[in-house]
Amino acid sequence: MNFASDNTSGAHPAILEGLAAANAGHVHSYGADPITEGVQAKIREIFEAPEARVYLVATGTAANALSCAVLTQPWGAIFCHRNAHIEEDECGAPEFYTNGSKLVLVDGPDAKMDPDLLARTIAHTGRGGIHNVQRGMVSITNSTEAGAVYSPAEVAALTDVARRFHLPVHMDGARFANALVAAGCTPAEMTWKAGVDVLSFGGTKNGCMGVEAVVIFDPKRAWEFELRRKRGGHLFSKHRFLAAQMQAYLADDLWLKTARHANEMARKLSEGISKVEGAKLIHPTDANAVFASFPRGAHKRANEAGAYYYLWPFDQSLDGPEDEPLAARLVCSWATTPEEIDAFLGHLA
């Protein structure tokens, strides 16, 4: 009954099989191997973007921070939601890799930026000329840190604002697959067709051991990314072991199957919690995360039975009145089973 994060699950067996197969023999290093070349071609095909450049890194923070670094200058603002991962969970990495860009925060329900508020915030930035941080770029998280999903139309509404101010757009897609299957669209419709310039395409949270792809739809930005990846210490010498994960992840649409399963498990969990007396959903369960509040007594029973998840925010206490509601985040993954959800819900009743 582990719902702490999709990061707590193991790697999918197909990923491990791919790594074992890639371990045989000798190949060129630093991304010059045939597995990497095949992965790059496959991602271009999936995204209907034959000119795109594709680069692999081991972590989502590296993917996001390096992406931001090629889209804005040190004196530029990165416009993102107040609850974006780059704001709350990356220890200043975007600021570090951009050599000083400032994150300018935009509000909106369910961790989605409001387009009108984004426009007002951008317009307000840089008004003092040389004395202010300048307008730099926009970063969108899909799915959001509240488990909500932007549709392609909602993405386009934000990129339209960015274009009015001549700003490039990055998408943090750590859970891109979960967002995609929830929205029922194609990868191209969710990204470059909607105005996205660079995508952090996640694998780790969705069954890989540790690999993310940075998809750069404008090839003119590619060489700078290569230099920054190397200078930042994120160019793997035995690169085939990143590529082998991504190869297995994309094969036979495994990435979509694992995401679809995780989303289905989250819906089952969400529906079950909503039936618990005194419970309510805090955010819509669009993808694979459930945000809900339910009585402290139910939390205590679940914890005593061995369930693992996070109270959200963390500073809530299990000590206090049994009927007082406490909010929580519960995340499902490719490895979540219906049986563990049923067991968990049984302890809440």
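Tyr308 is partly exposed, with a relative accessible area of 39% (buried means under 20% relative accessible area, exposed over 50%, and partly exposed in between, with a 1.4 Å probe and protein chains only). The model is predicted, so local features need pLDDT of at least 70 and side-chain atom pairs count only at pLDDT 80 or more, while totals for chains, interfaces and linings use all residues. Residues are numbered from 1 along each chain as its sequence is written, and side-chain values use heavy atoms, with hydrogens and water left out.

Tyr308 sits in the loop that runs between helix H13 (296–304) and strand S10 (310–311); helices (H or I, at least four residues) and strands (E, at least two) are DSSP runs, numbered from the N terminus. Together with Tyr310 and Phe314, Tyr308 makes a nonpolar surface patch of about 320 Å². Patches consist of residues with over 30% relative accessible area and no salt bridge, like charges being joined within 9 Å and nonpolar side chains (Val, Leu, Ile, Met, Phe, Trp, Tyr) within 5 Å. Accessible areas come from the Shrake-Rupley method with a 1.4 Å probe, and for residues only the protein chains shown count as cover.

Two cis peptide bonds can be described. One joins Trp312 and Pro313, with omega about 10 degrees; Pro313 lies in the loop between S10 and strand S11 (325–331). Another runs from Asn142 to Ser143, with omega near 0 degrees. Ser143 belongs to the loop between strand S4 (134–141) and helix H7 (152–164).

Positive phi values also occur in residues other than glycine. For His166, phi is near 60 degrees, and this residue is placed in the loop between H7 and strand S5 (169–173). His166 is exposed, at a relative accessible area of 72%. For Asp252, phi is near 55 degrees. The loop between H11 and helix H12 (254–274) contains Asp252, which counts as exposed at 65% relative accessibility.

Helix packing was examined for H2 and H11. Helix H2 (residues 34–46) packs against helix H11 (residues 240–250) at an angle of about 40 degrees, and their axes are 8 Å apart. This angle makes H2 oblique to H11. Axes are lines fitted to C-alpha atoms, for helices over the stretch in contact, and angles run from 0 to 180 degrees between N-to-C directions. Angles under 35 degrees count as roughly parallel, over 145 as roughly antiparallel, 65 to 115 as roughly perpendicular, and the rest as oblique. The crossing of H2 and H11 is left-handed, a term used if the near helix is turned anticlockwise from the far one by less than a right angle, with right-handed used if clockwise.

Strand S9 (residues 289–295) contains Ser293. Ser293 is buried, with 7% relative accessible area. A distance of 5.5 Å separates the C-alpha atoms of Ser293 and Ala279, which are 14 residues apart along the chain.

Side chains of opposite charge can pair when their charged atoms come close. With a salt bridge taken as a side-chain nitrogen of Lys or Arg within 4 Å of a carboxyl oxygen of Asp or Glu, the count comes to 12 salt bridges. One of these is formed by the side chains of Lys112 and Glu154, at 3.1 Å from N to O. Lys112 lies in the loop between strand S3 (102–106) and helix H6 (115–124) and Glu154 in helix H7, so this pair ties together parts 42 residues apart in sequence. Lys112 counts as buried at 16% relative accessibility, whereas Glu154 is partly exposed at 32%.

Arg228 is partly exposed at 24% relative accessibility, and Glu224 is partly exposed with a relative accessible area of 34%.

Lys268 and Asp342 form a further salt bridge, with 3.0 Å between the closest N and O atoms. This pair links distant parts of the chain, Lys268 being in helix H12 and Asp342 in helix H14 (residues 338–348), 74 residues apart. Lys268 is partly exposed, with a relative accessible area of 29%, and Asp342 is partly exposed, with 43%.
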